[in-house]
Amino acid sequence: MTLDPKTLALEIAAAYSERREMPAPSSSDAAFDLDTAYAVEGELVRMRRAAGRRTVGYKVGFANKAVWRALKLETLVWARMYDDTARLADGGPAELSRAAMFSPKIEPEIVLKLKQPLAPGANDAAAVLGAVEWIALGFEVIDCVFPDWKFQPVDFVAAFGLHAALIVGEPLWLDPSMLPAIADALPRFTVRLMRNGDVVEEGSGKNALRSPALCLGELAAAIARRPGAEALDAGDLISSGTLTTSRLIAAGEQWSAGVEGLDVAPLTVNVVA
């Protein structure tokens with residue numbers, strides 16, 4: 001059986017809208033591949049744009065080369081983010097409603113905003129950062145309608161990249177004189193993830209493909225190799241991969257993240273029903 005991208009896009013969108021489980025596409029069709037998954041993602045983009053939404057950037061997944069061979073990946077994967085899912089925190093703790101979500105988890109990430117198109121092939125962190133307007137600490141919230149959070153990379157791509165929301169903290173604006181130091185700090189900084197004031201996990205910039213800047217460079221190269229994919233452009237936000245494992249969230253919880261070794265502001269989110 002070959003899954004039809006348009007039909008599958010409608011089924012996935014309906015499962016998220018109705019907050020219900022559905023089988024992962026890879027469990028229904030062993031031949032379901034990345035080409036088909038990106039075709040589904042493209043249908044979702046078309047549907048959302050037809051409904052009046054704008055794409056505002058990309059989120060990445062599987063930004064860990066150690067798992068690529070086992071998962072038969074040659075590079076990271078991605079999906080689009082939208083003007084109604086990504087937002088800047090407006091000072092102080094941000095509020096996140098999980099009312100429309102099925103089984104959300106939270107991930108601390110470094111978010112980068114492009115000031116100009118990023119050409120593929122840049123594999124030097126400082127060179128990549130030359131295309132970046134600012135960086136910030138962010139929380140990406142992911143949501144999965146597949147049973148027990150079990151999925152393959154193809155399922156991830158076809159299901160919005162599991163993207164439900166992105167909350168971005170105070171930006172650190174970059175100028176050319178800062179780039180060498182920022183490039184050096186990005187693989188080295190540490191982050192603490194806290195729930196209700198208690199540390200639940202620590203992570204590092206190296207967890208995002210050795211550096212969020214290198215992750216951005218890899219994303220540009222991967223997009224360039226995929227026929228029909230829209231290239232990174234000025235104004236795009238890039239959520240560059242989780243710095244810790246993802247954690248389930250519940251209404252009433254407060255989640256915070258703070259960084260040492262990189263001059264980005266901490267971020268706090270209050271989860272409401």
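This is a predicted model: local features need pLDDT of at least 70, side-chain atom pairs count only at pLDDT 80 or more; totals for chains, interfaces and linings use all residues.
Me: Why is Phe62 called partly exposed?
Reply: Phe62 has a relative accessible area of 21%. Buried means under 20%, exposed means over 50%, and partly exposed is in between (with a 1.4 Å probe and protein chains only).

Me: What makes the phi of Phe62 worth a look?
Reply: Phe62 isn't a glycine, yet its phi is positive, about 55°. Most residues other than glycine have a negative phi. You'll find Phe62 in the loop between β1 and α4 (68-71). Helices (H or I, at least four residues) and strands (E, at least two) are DSSP runs, numbered from the N terminus.

Me: Is Leu162 buried or exposed?
Reply: Buried: its relative accessible area is 1%, and the cut-off for buried is under 20%. Leu162 also has a positive phi, about 60°, without being a glycine, and sits in the loop between α6 (153-158) and β7 (163-168).

Me: How do you know that strand β1 is mostly covered?
Reply: Count its residues: 7 of the 7 in β1 (residues 55-61) are buried.

Me: What makes β1 and β2 a pair?
Reply: Two strands pair if DSSP finds at least two bridges between them. β1 and β2 (residues 77-82) have 6 bridges and run antiparallel, so they meet that rule. Tyr58 stands opposite Arg80 in β2. On to β11 (residues 237-242): 3 bridges join β1 to it, running parallel, and Gly57 has Leu237 as its bridge partner there.

Me: Which strands form the open sheet, and in what order?
Reply: The order is β4-β14-β13-β9-β10, with mixed pairing. β4 (94-97) and β10 (198-204) each have a single partner strand, so they're the edges. Inside that sheet, β9 (residues 190-195) and β13 are joined by 6 bridges and run antiparallel; Met194 has Ser256 as its bridge partner in β13.

Me: What makes a nonpolar core?
Reply: It's a set of buried Ala, Val, Leu, Ile, Met, Phe, Trp, Tyr and Cys residues joined through side-chain atoms within 4.5 Å. The largest one here has 86 residues, and Leu216 is among those touching the most other members. Helix α8 (residues 212-225) gives the largest share of this core, 8 residues. A second, separate core has 9 residues, including Met81 and Leu166.

Me: How do you know that Leu216 touches Leu232?
Reply: Contact means heavy atoms within 4.5 Å. Leaving out residues up to four places away in sequence, the residues Leu216 touches include Leu112, Val128, Leu232 and Ile238.

Me: At what angle do α1 and α3 pack?
Reply: About 65°, with the axes of α1 (residues 5-18) and α3 (residues 34-50) 8 Å apart. Axes are lines fitted to C-alpha atoms, for helices over the stretch in contact, and angles run from 0 to 180 degrees between N-to-C directions. Among the residues that meet are Leu8 and Ile12 in α1, and Val40 and Leu44 in α3.

Key. Residues are numbered from 1 along each chain as its sequence is written. Side-chain values use heavy atoms; hydrogens and water are left out.
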